[in-house]
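Look at the sequence and the 3D view side by side. Then follow the text from strand to strand and ring to ring.

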Amino acid sequence: MMSITDPGTSEYFAKAMEEIHSQHLKALGKITDMTTELSQTHKQFIKSAQDTCIKKCKDDEMLFDTIESFKKDLEQKGKLLKDKRLVISEVMSEIEQKDMKKEEIIHKIEKLKEEQAKRRDVIDAQNKANKKRLKNLQKARYMFQEHLGLEIRAIMGKAEVSRGEKLQFIFRNINRADLTSTYIVTMGINAEGAYQVVSSDPALDCLPDLEKRLQETNNLAAFLANIRKEFVSLARH
């Protein structure tokens, strides 16, 4: 057995310790290198992660800004659309009102046409009636002029109630004491186309009743005959 005091043994032990120490140093160097490498890798990973997060944050901010811009644009377009709908509604309401006014105007025009047609019918009827009355007047004029001394004169009424052309029927041969004395009744035609007695000279109390009967019958000859009878009766008293 070797003794620790043996110089060979001591040298051997020293070499062995150096070798072990050298191996430990190599192992420690490898560990240090690995640690440094891992540290660099970790730093690179952290930096990459930070860069990724920063980029993601910026992208998110841009996305949020874009969303806000879209929201504002959408709100603005919504307001414009609302305003356009309001304008369209007002235009449609105005068009409907104009259509209603158009219908009212058309209705009024049709009504006026109907009224004009009725007026024409009334005027035509009055003209026919006036022609018939004129014919009766001519017959009555001939009969009374030839047999009873009647004179007919056309005059223009000046009073408000008797404006327009009137006829005066002048009777003679009424008063036996004075056959030339005149008895007069003045007549015309009113707005409705009916006979209208304006006055008589001398005045006759029964004149309104005779006028009413004339308007009911349109018999002018009978009316003039009754007027003559009333004048004759008045002259006798």
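Ile184 stands opposite Asp201 in β4. This is a predicted model, in which local features need pLDDT of at least 70, side-chain atom pairs count only at pLDDT 80 or more, and totals for chains, interfaces and linings use all residues. Residues are numbered from 1 along each chain as its sequence is written, and side-chain values use heavy atoms, with hydrogens and water left out.

## The hairpin

Start with the strands. Helices (H or I, at least four residues) and strands (E, at least two) are DSSP runs, numbered from the N terminus. Strand β4 covers residues 195-201, and β3 pairs with β4 in the antiparallel sense over 6 bridges. Two strands pair if DSSP finds at least two bridges between them. Gly188 has its bridge partner in β4 too: Gln196.

β3 and β4 form a hairpin, with 5 residues between them. In the turn, Gly193 has a positive phi of about 85°. How many of the 7 residues of β3 are buried? The number is 6, and β3 is mostly covered. Buried means under 20% relative accessible area, exposed means over 50%, and partly exposed lies in between (1.4 Å probe, protein chains only).

Val198 lies in β4. Val198 is partly exposed, with a relative accessible area of 32%. Val198 and Leu167 are 31 residues apart in sequence, and their C-alpha atoms are 9.6 Å apart in space.

## The whole chain

Now step back. The protein chain has 3 helices and 4 strands. From the N terminus on, the order is α-β-β-β-β-α-α. Of the 237 residues in the protein chain, 17% are buried.

## The aromatic cluster

A pair of aromatic rings is described by the distance of the centres and the angle of the planes. Rings of Phe, Tyr and Trp (its six-membered ring) pair if their centres lie within 6.5 Å; planes under 30 degrees apart count as stacked, over 60 as edge-to-face and the rest as tilted. The count by this rule is 2 aromatic pairs.

| Ring pair | Centre distance | Plane angle | Type |
|---|---|---|---|
| Phe171 and Phe231 | 5.8 Å | 65° | edge-to-face |
| Tyr183 and Phe231 | 5.3 Å | 45° | tilted |

Both pairs link distant parts of the chain. Phe171 sits in strand β2 (residues 164-171) and Phe231 in helix α3 (residues 220-236), 60 residues apart. Tyr183 belongs to strand β3 (residues 183-189), and Tyr183 and Phe231 are 48 residues apart. Phe171 and Phe231 are buried, and Tyr183 is buried as well. Ring pairs link Phe171, Tyr183 and Phe231 into a cluster.

## The nonpolar core

A nonpolar core is a set of buried Ala, Val, Leu, Ile, Met, Phe, Trp, Tyr and Cys residues joined through side-chain atoms within 4.5 Å. The largest one has 21 residues. Those with the most contacts inside it are Phe169, Phe171, Met187, Leu220, Phe223 and Ile227. Two or more residues come from each of β2, β3, β4, α2 (207-217) and α3. Which element gives the most to this core? It is α3, with 6 residues.

## Two helices

The axes of α2 and α3 come within 9 Å and cross at roughly 165°. Axes are lines fitted to C-alpha atoms, for helices over the stretch in contact, and angles run from 0 to 180 degrees between N-to-C directions. Angles under 35 degrees count as roughly parallel, over 145 as roughly antiparallel, 65 to 115 as roughly perpendicular and the rest as oblique. α2 and α3 are therefore roughly antiparallel to each other.

## Loops

Two loop residues have a positive phi of about 60° without being glycines. Asn173 has this phi and is found in the loop between β2 and β3. At 38% relative accessibility, Asn173 is partly exposed. Asn218 also has a positive phi of about 60°, and lies in the loop between α2 and α3. Asn218 is partly exposed, at 33% relative accessibility.

The loop between β4 and α2 holds Pro202. The peptide bond from Asp201 to Pro202 is cis, with omega near 5°. Asp205 is found in the loop between β4 and α2. Is Asp205 buried or exposed? Asp205 is exposed, with a relative accessible area of 80%. Asp205 and Glu230 are 25 residues apart in sequence and 9.5 Å apart in space, C-alpha to C-alpha.
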